[in-house]
Amino acid sequence: CKLYGDTAADYIPTPPRLRKNITRSRGKAVRDAHFSEAKNADFCLFARCTGLRRAEIKALTGDKLLQGEDGQWYILVNKMSKGGRPRNAPIIGTPKDIELVINMMKRAGNGRVWNRVPQCDVHNFRAEYATAVYLKHARPLKSIPKEERYCCRKDRKGTWFDRRARGYASVALGHSKNRVSEVGEHYLRI
């Protein structure tokens, strides 16, 4: 298929991808049966406030904490990022939660923030993070022009999102520019 520039659907019938058939990160997984959010409360808070993938959290060092000109705190993600794309991930949450994440980063200094990353699925935390970033930047849908709104397809048909806010969430998650629809279709839980 790659050689001729075709898709697999040109040769074999492939079923359409539907949201209702996606099971990853949609509920309790067998591999997460041993994981306790209460025992790993600091890790869960960190994952919810930063939206980082497990590999990015493993490689994160304390010197990657940045503060923007607007006073917003960011984490520079430049190691183990998917596709090798560096990004500044804003720290999102309540002021108390943000302060806890900042303290965790400062305490680590130049060392790793997490010496042991729990074996769990962080995509649910990433979805919560994406939703928080979107809501922070979202404008009232009735006040923005129709071309700046995004309408979901298939089973989420009729759900509208602010394109600009969705773009902020996509960049914060570390998606490539051509995967902006991924945020609206799979990550935003509104």
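Okay, let's start at Trp-160, which sits in strand β5, residues 160–162. When I say strand, I mean a DSSP run of E with at least two residues, while a helix is a run of H or I with at least four, and both are numbered from the N terminus. Before going on: this is a predicted model, where local features need pLDDT of at least 70, side-chain atom pairs count only at pLDDT 80 or more, and totals for chains, interfaces and linings use all residues. Residues are numbered from 1 along each chain as its sequence is written, and side-chain values use heavy atoms, with hydrogens and water left out.

Leaving out residues up to four places away in sequence, Trp-160 touches Leu-141, Lys-146, Arg-149, Tyr-150 and Cys-151. A contact here is heavy atoms within 4.5 Å. Leu-141 is 19 residues away along the chain, yet the two C-alpha atoms are separated by 7.8 Å.

Now helix α3, residues 95–108. Its 14 residues reach 20 Å from first C-alpha to last, close to the 20 Å expected at 1.5 Å a residue; the expected span is 1.5 Å times one less than the number of residues. Which residues of α3 are buried? They are Val-101, Ile-102, Met-104, Met-105 and Ala-108. Looking down the axis of α3, these buried residues fall within an arc of 155 degrees, so they line one face of the helix. That arc is taken from the directions from the helix axis to the C-beta atoms. Over on the other side of α3, Pro-95, Lys-96, Lys-106 and Arg-107 are exposed. And what covers the buried residues? The cover includes α1 (41–50), β1 (65–67) and β2 (73–77). After α3 comes Gly-109, with a positive phi near 65 degrees.

Let's follow those strands. β1 and β2 pair antiparallel over three bridges; to count as paired, two strands need at least two bridges found by DSSP. Together β1 and β2 make a hairpin with five residues between them, and Gly-71 in the turn has a positive phi of about 90 degrees. β2 is also joined to strand β3, residues 87–90, by four bridges, again antiparallel. There, Tyr-74 stands opposite Pro-90 in β3.

Methods: Buried means under 20% relative accessible area, exposed over 50%, partly exposed in between (1.4 Å probe, protein chains only).
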